[in-house]
Amino acid sequence: MTEIDSSLDLKLEAYNYVLPPERIAQNPVVPRDSSRLLVVDSPHSHQHSIFRELPNFLKRGDLLVLNNTRVLPARLKGRKPNGYPVEALLMEERERNCWLALVKPGKRLKPGARIEFDPLNGEIPNGDRLSATVLERDEATGGRLLQFEVPVGMSLVQLLPEYGHIPLPPYIKNSQALGEQYQTIYAEKLGAIAAPTAGLHFTDELLKGLQEKGIEQAFVTLHVGVGTFRPVEVEDLTTHKMHREWVEVPAITVDKIRQTQANGGRIIAVGTTAVRALEGAAASAQKQNLPSLQAFCGHTDLFIYPGYRWQVVEGLITNFHLPQSSLLMLVSAMIGRQRLFELYEEAIAHQYRFYSFGDAMLILPEVNC
C-alpha cells in the first residue's frame, strides 16, 4: 500500500488497496467463532485474537446490536421463450409480486420480454411454471422491474425455496458452503439479498457466554440490498447517492440503548448494516426535531464517510471490506482512513481472510475518532 494523505478522505481513489487473491475467503471456518479477530483497542495499538475470545474485550453493561435479517434465496435462473438463458437477482419488492431485479443479460431483456424460471429440482411445483414479464428499466440501479405470475393467493416469497438460490457474492467463486452457513444463527426476518457478514462469526455458545458476562444483546433489521454492495462510482464522495434499504429499529431496542447509555455502557454495532440501521433511525429523528433516537420503520439512504458525526454507535465489529466500497468508507469514518489502511496492511501481512467468509475486526469505543 502507498502512503496515505488525509486530505484525500473524500476522494474515491484514496480507498483502493491491493489484496492478493488467495486472501479472499471462499469458505467459512468451522466452527464459526474460530475465525480470527483483529482487536483495535486504542488509537495506536491492536492485538490479534480469535473471535470466541470476544467476551474478554467487552465490559459488563455493554450492548451488542445485531442485524436479524435473513437472506432470501434471491438468485433465479431461467430462460426466454427462445431458450436463451437468463439470471435474475431480486433486490426489493415494489408492489405485490412486482420486484426490482438485476438481470443478465440486461440488453436482451427489454420491456415486454418474458422469462420462465427453472425450479431447483427440475420438477414444476403444482404444474405451475414460475414466469415474469419485464415492465421497465430502473434508471437508478440499471435493473428491471419484473412482474411475476404466481398461483392465486400465493406470493413470490413463498415460491422462492423451490426456485431460488442463495446469492453468494461474485468474489466467492469456488465454495462448498451450505446455504445456512451464509445466514447468521439469529437470522429471522426474511428480506436480504446478502448476509450481514459480521454476524456470521457468532455461535449459540458465544452468545450465551456474552450474556453470562453481562453483555446485553438487541436486534435491528436492515434488509441488505443494492445500497450496501453497490460500488461507489463518483470520485467526490460527497456526491455519492446510496440506494435506500429497508430498516426497522424496534422500541424494545431503543429502550435497551437508552438503558445502556444511562448506566454508562457502550453501544457496539455488529456489522456496518447495524450501524446504518441505528444511525439512519437517529437521522430520521433529527429531521423531525426529536431529541434522541426513536423507534423507526422505513427506508434509509444514509451514506457514512469520514467527517460523519456519530449519534448512537460507539464501537464496531466488522469484516474486511472491498476496495472503494461504501463499507470501507463507513469504517474509515469511525477509525480514520489512515489508521484503517495500516490495519488492513497488517491483516494482509498476517494472512487474515477477507470479505464475507473472512475474519473480523473489533473496533473498541476508545478508538472512535
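Contact means heavy atoms within 4.5 Å. Helices (H or I, at least four residues) and strands (E, at least two) are DSSP runs, numbered from the N terminus. This is a predicted model: local features need pLDDT of at least 70, side-chain atom pairs count only at pLDDT 80 or more, and totals for chains, interfaces and linings use all residues. Residues are numbered from 1 along each chain as its sequence is written, and side-chain values use heavy atoms, with hydrogens and water left out.

**View A. Helix 5 against helix 6.** T272, V275 and R276 of helix 5 meet L327, L330 and V331 of helix 6. By class, this contact of helix 5 with helix 6 has 4 nonpolar, 1 polar and 1 charged residues (Ala, Val, Leu, Ile, Met, Phe, Trp, Tyr, Cys and Pro count as nonpolar, Asp, Glu, Lys and Arg as charged, the others, Gly among them, as polar). Helix 5 (residues 272-287) packs on helix 6 at an angle of about 70 degrees, with the axes 10 Å apart. Axes are lines fitted to C-alpha atoms, for helices over the stretch in contact, and angles run from 0 to 180 degrees between N-to-C directions. That makes helix 5 roughly perpendicular to helix 6 (65 to 115 degrees; under 35 is roughly parallel, over 145 roughly antiparallel, the rest oblique). Helix 5 passes helix 6 in a left-handed crossing: the near helix is turned anticlockwise from the far one by less than a right angle, whereas clockwise is right-handed.

**View B. Helix 6 against helix 7.** Helix 6 and helix 7 (residues 337-349) pack at about 115 degrees, axes 7 Å apart. That makes helix 6 roughly perpendicular to helix 7. Their crossing is right-handed. From helix 6, L328, V331, S332 and I335 meet R337, R339, L340, F341, L343 and Y344 in helix 7. The residues of this contact divide into 7 nonpolar, 1 polar and 2 charged.

**View C. The largest nonpolar core.** This core has 69 residues; Y17, V249, L278, W310, F354, M361 and I363 have the most contacts inside it. Helix 6 (residues 326-335) gives the most to this core, with 7 residues. A nonpolar core is a set of buried Ala, Val, Leu, Ile, Met, Phe, Trp, Tyr and Cys residues joined through side-chain atoms within 4.5 Å. F354 touches Y17, L19, R23, I24, A25, F320, Y344, A347 and I348, not counting residues up to four places away in sequence.

**View D. Q183 in its loop.** Q183 sits in the loop between helix 1 (156-163) and strand 11 (189-192). Q183 is buried, at 3% relative accessible area (buried is under 20%, exposed over 50%, partly exposed in between; 1.4 Å probe, protein chains only). Q183 touches R32, R70, V71, I166 and L200, not counting residues up to four places away in sequence.
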